[in-house]
Amino acid sequence: MPASTTKSLRVAVLADSDTRWKWGSLTANRISPTESDIRLDGFLLRGRATPTARQLEEVGVRADSLREVTAVEFLREMAKEQYDVLVLALVGGAVQAMLHGLAHAWQGREKRPVVVTGYVGVVYEKLADGLLLRHGADLVLANSRQDADRFRAVYEGVGADASSVTEVALPFLGGEAYPAGGHDPYTVVFAAQPSVPESRKDRTYLLNRLIQHARLHPDREVLLKLRSKPGEHTTHIEELPYQKLVQKADPPANFRLVYGHMGEVLDRTDLLVTISSTAALESLHRRVPTVVLSDLGVREALGNHHFVGSGCLASWDQLDAGHRPSPDASWVARQGVAADGSYETAFDVARFRITELLEADKLPALAPYYTPVTAPGYLPGILARHHLGPDGSPLPGAPAADKEPSPVRQIVRRAARGAYRHGVQRVAPVIRRMGEL
């Protein structure tokens with residue numbers, strides 16, 4: 001019997017929310033070299049948006065191990081364990097803190113994990129800030145050709161090495177293409193977002209228009225797709241959940257709230273409506289008719305400005321009258337949507353680069369653009385939020401991974417977690433510091 005060519009690959013994913021865990025774990029599988037036998041260990045960074053068991057179940061990704069950690073606990077784990085690839089699926093500030101912390105933890109080590117990071121979806125705000133906070137990883141993944149061009153321009157514009165920028169695609173695209181005959185009943189899905197729009201007035205407006213559409217089209221099934229249940233947090237804060245707003249409305253029988261995996265919802269969708277959600281790209285990938293609403297304006301604050309030129313912008317008035325959008329093919333092609341069937345090759349370059357790095361005898365030390373010299377007024381604060389000093393070392397009093405917290409600290413920690421779960425955003429940061437979360 002010939003020897004197996006399958007190589008064992010140890011991969012760690014550190015994530016700070018349900019959507020980033022989804023992105024990170026799926027990305028780990030997409031970018032792993034072909035014929036690899038992957039062992040995936042998941043680490044959830046303790047904080048406001050740490051996903052619940054239900055949210056993890058909804059993502060549908062299985063890990064060989066999965067546990068909550070603080071930043072310092074994670075760094076200590078990385079110092080003693082030998083991983084091949086590490087995916088940082090975190091907000092920008094946390095990525096920067098981990099890069100400096102890992103650089104300190106791996107001092108003097110010739111072989112270290114290949115470090116990968118990127119974005120969970122559309123990048124429409126804080127482009128320079130978020131990118132420079134991610135600089136220093138071996139691969140900074142761009143989900144589209146457009147993003148790859150923009151990422152390189154930012155790095156080159158500040159004199160930073162741009163070779164880490166690697167074009168891929170969103171890792172969670174897939175599913176069956178939209179059937180030519182549609183579905184029965186015709187199903188309209190509004191993909192809600194936790195933080196866009198923010199005001200009660202605007203969110204109530206969108207809900208009322210969705211309900212109105214259901215009344216105008218009683219033969220259609222109208223679904224409000226929600227990201228989280230009350231008390232749960234996602235990547236973004238939701239202070240006015242639609243579940244509460246709908247209690248004051250009187251929706252018709254063909255209107256329903258739905259949760260669950262976005263891909264399963266898209267399986268029965270005939271028209272996807274949103275403000276600026278990444279769900280629009282999932283929908284376009286399947287060739288499902290997709291609308292990005294213009295009712296509240298086309299504005300950077302909403303993120304729908306990203307869809308200028310897409311052919312998808314429309315209003316509820318147009319949808320009520322029967323409008324069906326027609327996406328612009330050249331715009332779609334630049335967004336990494338790969339509706340043309342090229343999706344399976346979208347990760348080839350990343351796989352090749354990771355294979356090269358894994359086979360190298362020695363990897364250079366992590367070298368983020370931000371250092372105590374280049375950003376002395378910015379970097380120390382970012383590191384301190386994760387109990388790290390300016391050199392990336394754990395600060396005195398940081399939570400220890402090898403001992404249980406005291407009973408008092410456990411009580412405070414539980415109180416802090418409860419406060420975060422219930423959205424007490426003003427009080428929670430203080431409690432968090434007390435509980436050393």
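Predicted model: local features only at pLDDT ≥ 70, side-chain atom pairs only at ≥ 80, totals over all residues.

Residues are numbered from 1 along each chain as its sequence is written, and side-chain values use heavy atoms, with hydrogens and water left out.

**The sheet.** Select the open sheet of 7 parallel-paired strands, ordered β3-β2-β1-β4-β5-β6-β7. Strands here are DSSP E runs of at least two residues, and helices are H or I runs of at least four, numbered from the N terminus; pairing takes at least two DSSP bridges. At the edges sit β3 (65–69) and β7 (165–167), each pairing on one side only. Now pick β4 (residues 85–89) and β5 (residues 114–118), a parallel pair with 4 bridges. Leucine 86 faces valine 115 of β5.

**The helix pair.** Next, show α3 (residues 71–80) and α4 (residues 92–105): their axes (lines fitted to C-alpha atoms over the stretch in contact, angles from 0 to 180 degrees between N-to-C directions) come within 9 Å and cross at roughly 40 degrees. Contact (heavy atoms within 4.5 Å) involves, among others, Phe74 and Met78 of α3 and Met98 and Leu102 of α4.

**The cavity.** Finally, select Gly121, Asn143, Asp147, His306 and Gln335, which are among the residues lining the second largest cavity. A cavity is a set of points on a 1 Å grid over the protein atoms alone where a 1.4 Å probe fits but cannot get out, and lining residues have an atom within 4 Å of a point. Its volume, the space filled by probe spheres set on the points, is about 60 Å³.

Methods:
1 Å grid on protein atoms, 1.4 Å probe; cavity = no way out; pocket = protein on both sides within 12 Å on 5 of 7 lines; lining within 4 Å.
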